[in-house]
Amino acid sequence: MSFFQQKSPYYNVAIFYVLCSLVLRMVLLFHPITQSNFTAFEIVKIFVFGILFDIFIFSVASTILWLYLVFLSNEKYQKPWGYIIFGSLLLLLLYISFYNTILDEYGGSLPEIGIVFLSLKTFLFGMLLFFPKKRKQFRLVLFSISIFIVVLVSVQNAVNEFFFWNEFGVRYNFIAVDYLVYTNTVIGNIMESYPVVPLFLGVGIVYALVTFAIVKRSQSFLNHLPNFFEKLKSSAIYLVIIVFSFFAIPFLAQQEKSQNVFVNELQANGLYRFYLAFRNSELDYDTFYKTLPNDKAFALLQKELLGMNNTTTQRNIKSKSLEIHKNVVLITIESLSAEFLKEYGSTQKLTPFIDSLALESLQFSNLYAVGNRTVRGLEAVTLCLPPTAAESVIKRNDNKDKFSTASLFKKRGYQVKFLYGGDAYFDNMQDFFEGNGYDVIDKKVMQPNEITFSNIWGVCDEDMAKKAIKTMNIEAKTGKPFFNHWMTVSNHRPFTYPEGKIEISPSKKWREGGVMYTDYALKQFFKMAKKQPWFANTVFVIVADHCASSSGKTELPIDGYRIPALIYAPGFIQPTTNMNLVSQIDLMPTLFGLLHFSYQSKFYGQDVLQSNYKPRALLATYQDLGLLKDNILTVLSPVRKVKQFTVKLTPKQLPHEKFQLYYEELPVHKIRQYLVDETTAYYQTASKLLKEKKYQK
């Protein structure tokens, strides 16, 4: 029997998906938010192009269903193949159950998920193999479950698209991707916003009825499975359709060029838009956020960044002293929340070395990370600009030749490197750093004798510390100063590290162990560094990339963004504590001030030690953009939503007055417009400069 006949499950599922998409398109067309008039030509375009789009998308997206149907057969259960396959599954199950695999290296629930999945697969294959008389019944049950899953995905996608349109008036974009990241928040919002029980009960009944109908129409297919030649013929046709779809889908997407935005959105396919959101990683600021006239936005920014040149952030930074070209080592520490440190109230003694180093450094007691991902922290200390909507610049296509900390160092003859214990291809780091003038030193270039321990994230921090010392010794021999940026990896799930280094065993896979081991590795690094001739001529900047967790009751819980930061250079920088409200983007401009660099700056970050510095902090998620200033947190969100919170110190005050950490965020009764405008100015101008390629070096 052909896969494309009316009795085929593939044919029936395809028809159902296209009908589902057609109904959705009609519902969205008449939705109250779709405030537009359409010509007859536009209506035809919406539905003709839309249906073609749906057919081609289904062809590509249904590959797993196709493979499942192709591998339905009775022949594989015949001797000896059935026993060989069953034995192989059993051996694989035993292997992942009792031996260390890549699943164990990653940690978390992944090993258990793998074992459960393979156990189920082995059990079901065994049932079909050893009970041939019950094979039809077993297969019907498994087939029904498979069809139910496909129907569930199809209907649920339509329901999700409806709610997304109801909220934003567009198909999926990067906000939908963001919802996958903040699943708990999104589910909580849905639970509070909609009648969930009757809604899902009704949708569940639809799932069941459609599954029953498709299974009933397809039973003859199950009873007379296609032979090898029929499968080969159908698969050849399917392959041609797939290849054609890869050309047709981009072509149809290019036809979304109507002056009426709703025409473009309605003829589009939501799944393809979701795919594009993953690839493009951008969210257009002007479309989704509150805006000001551009001249007003830049005028407001000029009050914050003195000396700006019209519609760019370019300005002259002039020092009255000669530049000091010391070596600089920037260490960004994975997930080091301020709450882990002793001065912020921790009693766990997780960071004894960092605690001691802070007392010998210029430390910033009130500094906030810009985001909650490593790439956001790296962006902040490299580009020193606000966290624009959606994904970090690091993960975008246009991420090269930016005005960066590296460009300032290279102009002064510095050797510039990025050191990372993992594979720098992850999160697009290698592409970004190499594209901005860094030489990249990562796990790939390390020799086997340099690696004593590694997990899924890379070599342990202690191994990378030794590699860093070797690299700096080579650099020092050239006679040129160096700037090295080292990103640690050990304080990350699965929290595994070499045995016997700290009190907490790596077998426990605790966050506390990851923090403590990173502190231990940094101690070893500085112990080695102090023995090197270049140490006395080096400035060390140490800062977290982000907090261990940023969840909370509000969009931007500020205690989930508070990170430690310090600048250490014995004999050059006097130990002191700066209590100003500071953003992560200010750290490197402050260092340049300490080194008396004179330069033309495009940075949004500022030297916080200057008398004209105005305390503020910028912090964001993928879609919520915040400004903390004057004890008010202003948050911009899609679609042009604005919230403000009064930030009030909680009764849980810490023993150190300089290091208060916990605050309540209370909704304000009257919006402070000047702060809304200032927040808008920061994010609108940053997005504009990036979009127009005005933030290049």
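**Cavities, pockets and overall fold of the predicted model**

The lining of the largest cavity divides into 6 nonpolar, 5 polar and 4 charged residues, where nonpolar denotes Ala, Val, Leu, Ile, Met, Phe, Trp, Tyr, Cys and Pro, charged denotes Asp, Glu, Lys and Arg, and polar covers the others, Gly among them. The structure is a predicted model, in which local features need pLDDT of at least 70 and side-chain atom pairs count only at pLDDT 80 or more, whereas totals for chains, interfaces and linings use all residues. Residues are numbered from 1 along each chain as its sequence is written, and side-chain values use heavy atoms, with hydrogens and water left out.

The volume of this largest cavity is about 90 Å³, a volume being the space filled by probe spheres set on grid points joined across faces, edges and corners. On a 1 Å grid over the protein atoms alone, a cavity is a set of points where a 1.4 Å probe fits but cannot get out, a pocket is an open set with protein on both sides within 12 Å along at least five of seven lines, and lining residues have an atom within 4 Å of a point. By this rule, 4 cavities of 30 Å³ or more are counted. The largest cavity has 15 lining residues, of which Y17, S21, L24, N157 and E161 lie nearest its centre. Two or more residues of this lining come from each of α1 (9–29), α7 and α14 (270–280), helices (H or I, at least four residues) and strands (E, at least two) being DSSP runs numbered from the N terminus. The greatest contribution to the lining of the largest cavity is that of α1, with 5 residues.

The second largest cavity, with a volume of about 50 Å³, is lined by F453, N455, W457, G458, V459, C460, V489, S490, H492 and T496. Its lining comprises 5 nonpolar and 5 polar residues, with no charged residues.

The second largest pocket has a volume of about 1,200 Å³ and is lined by 29 residues, with I64, L65, Y68, S146 and I149 lying nearest its centre. At least two lining residues are supplied by each of α2 (40–61), α3 (63–70), α6 (110–130) and α7 (135–168), and α7 gives the most, with 9 residues. By class, 21 residues of this pocket lining are nonpolar, 5 are polar and 3 are charged.

For α2, the 22 residues should span 32 Å at 1.5 Å a residue, and the end C-alpha atoms are 31 Å apart, which agrees; the expected span is 1.5 Å times one less than the number of residues. Buried residues (under 20% relative accessible area, 1.4 Å probe, protein chains only; exposed is over 50%, partly exposed in between) in α2 include E42, K45, I46, F47 and G50.

T650 is placed in the loop between β18 (641–649) and β19 (663–667). This residue, T650, is buried because its relative accessible area is 12%, and T650 touches Y662, Y663 and E664 when residues up to four places away in sequence are not counted.

In total, the protein has 24 helices and 19 strands, and 55% of its 697 residues count as buried. Along the principal axes, the C-alpha atoms fill a box of roughly 85 × 65 × 50 Å. Of the contacts (heavy atoms within 4.5 Å) with a separation of 6 or more, 73% are accounted for by residues 24 or more positions apart.
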